[in-house]
Amino acid sequence: MANQKRDLLDDLIDIQSDWQALSNPFGDIADSLAADPSQRKVFNPADYKEKPFANSNRCLCTASGRDDACTRCLDVCPVNAIEIHKQSVIIGDDCRKCGLCAAACPTETISTRRHMPRQVYDKIARAASAYEHCYVTCTRALKRLPKDNEIVLGCVGAISRDLWFSLMADYDNISVYLPVGICDRCKTTTGEEFYCDAIGTAEEWAQASLGLVADESEMTHELTREYKRSQFMSSAVHSAERLLTRTNPALAGAKAVANKISAHASRLDQLQRTLEGAVGAKTSNNRQRMLTQNRKLVMGALQHDEGLAKFIDLTAPVCDASKCTMCGDCAKVCTTRALDLDVNGHITIQASYCVSCGACVKVCEDGALAMEPMDVTELIVPDPAAEELARKKAQAKAEAQKYIEQGKKQLSRAADVLEGLGESDSGANDSKTSKK
């Protein structure tokens with residue numbers, strides 16, 4: 001708000017806030033004393049943690065029957081709580097519920113019900129939209145009930161690289177709150193390295209920097225200027241209506257944020273429908289393709305800012321047809337169905353569905369596949385509505401230019417006629433003068 005010019009509305013909002021504070025100076029204390037002690041909420045780290053579950057059908061190892069197809073979840077788990085058998089992925093009771101395995105899994109085999117990538121995005125986006133600053137932290141760092149702009153996770157590493165990128169591409173007021181020494185003494189020993197790598201890569205992709213706050217006194221909890229103005233205007237415009245319907249003006253700002261989040265979700269869903277219409281929702285063998293939530297968020301960010309594509313470094317498999325024996329192992333291991341092997345032995349890779357896991361390369365015994373840099377612009381799905389609008393604008397511009405050119409020609413011809421008339425009059429005058 002410091003960078004925005006204040007106006008009368010801002011002054012009125014400040015006056016209203018000061019008056020409310022003066023009229024009820026002990027409101028929070030009274031509410032606290034009046035509350036039923038048994039109903040009073042206390043900080044419990046378990047409320048922000050959740051044991052993940054696994055969908056074995058998506059696992060690259062179970063799909064291929066090979067232990068080396070992918071080991072990301074095994075490598076990142078700090079307590080070795082994950083076991084992968086031939087047909088199942090088992091998460092043991094010694095799981096720390098840190099969420100690192102879910103963030104590391106490229107095919108989203110492992111996930112949690114309350115911390116899916118889109119759920120976490122929406123939660124952080126709500127806070128970042130309503131408050132001047134949003135903080136992402138963990139239970140060990142905060143150790144108290146969080147405020148509305150503080151997002152508490154079992155570990156900051158529970159946010160994947162792709163999710164960090166989409167957040168930083170859309171918001172510039174998100175920070176991580178981690179006091180010095182928190183990660184050093186944490187039993188989630190792999191968390192710090194994992195989230196540092198994820199955040200570092202996301203910053204390069206988004207060409208942005210994520211804030212880091214180590215001192216709680218530096219945290220602010222001020223609502224954004226837009227949020228305050230929305231509340232105030234609702235209060236002013238609907239003051240009479242509230243007497244009859246008891247409408248709460250404080251909900252106006254929240255409703256505006258909710259509409260923003262809902263619009264973002266709708267755009268992502270529309271993006272997927274457009275993608276499926278362009279490349280097909282199924283492979284040539286009638287197998288359903290899977291667009292991961294993380295990839296969908298990345299693509300949504302690129303729809304918003306296509307220029308970021310040149311900063312994103314991703315790889316995708318490329319096939320050397322001369323070495324391919326059409327064994328089908330690559331298509332079998334690809335659980336997102338990004339790789340398609342048709343009846344004629346042709347291999348195609350749909351970049352939007354490819355999660356750059358490299359499992360197809362590992363299982364290819366003939367060395368026909370290799371991971372090479374992906375053309376990230378392929379992740380930008382054309383918006384038919386936007387393209388139609390652009391086409392109409394271009395058409396209107398072309399027609400306007402056509403009329404302008406016609407007008408110029410008509411003016412030029414008119415000028416030539418006038419000039420001819422002027423020369424004719426001049427000649428007649430000279431003739432009269434010579435006769436005299």
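Start at N149: with 0% relative accessibility, N149 counts as buried (under 20% relative accessible area is buried, over 50% exposed, partly exposed in between, with a 1.4 Å probe and protein chains only). The model is predicted, so local features need pLDDT of at least 70 and side-chain atom pairs pLDDT 80 or more, while totals for chains, interfaces and linings use all residues. Residues are numbered from 1 along each chain as its sequence is written, and side-chain values use heavy atoms, leaving out hydrogens and water.

**Stop 1: around N149**

Keep N149 selected. It sits in the loop between α7 (139–142) and β6 (150–153). Helices (H or I, at least four residues) and strands (E, at least two) are DSSP runs, numbered from the N terminus. The side chains of N149 and H221 make a polar contact at 2.8 Å. Such a contact is a pair of N or O atoms within 3.5 Å; within protein, one must be able to donate a hydrogen and the other to accept it, and residues adjacent in sequence count only if both atoms are side-chain atoms.

**Stop 2: R144 and its partners**

R144 and E150 form a salt bridge, with the closest N and O atoms 2.8 Å apart. The term means a side-chain nitrogen of Lys or Arg within 4 Å of a carboxyl oxygen of Asp or Glu. E150 is buried, at 4% relative accessible area. R144 also meets E216 in a salt bridge, 2.7 Å from N to O. R144 lies in the loop between α7 and β6, and E216 in the loop between β8 (211–213) and α10 (225–237), so this pair ties together parts 72 residues apart in sequence. E216 is partly exposed, with a relative accessible area of 36%.

**Stop 3: E50 and R114**

Move to E50 and R114. Their side chains meet in a salt bridge of 3.7 Å, N to O. E50 is in the loop between α2 (27–34) and β1 (53–54), and R114 in the loop between β4 (110–111) and α6 (117–130), so the pair ties together parts that are 64 residues apart in sequence. Is E50 buried or exposed? At 14% relative accessibility, E50 counts as buried. R114 is partly exposed, at 43%.

Next, pick R66, D68 and E365. A network of salt bridges links these residues. The count of salt bridges comes to eight.

**Stop 4: T62**

Select T62 in helix α3 (residues 60–64). T62 is buried, with a relative accessible area of 8%. Which atom does its side chain reach? The T62 side chain reaches the backbone oxygen of S56 at 2.7 Å.

**Stop 5: two positive phi values**

Jump to N286, in the loop between α12 (250–279) and α13 (293–304). Its phi is near 65 degrees, a positive value in a residue other than glycine. N286 counts as exposed, at 54% relative accessibility.

Then select S356, in the loop between β11 (347–349) and α15 (359–363). Phi of S356 is near 60 degrees, again a positive value in a residue other than glycine. S356 counts as buried, at 16% relative accessibility.

**Last stop: helix α9**

Select E192 in helix α9 (residues 191–206). E192 is partly exposed, with a relative accessible area of 34%.
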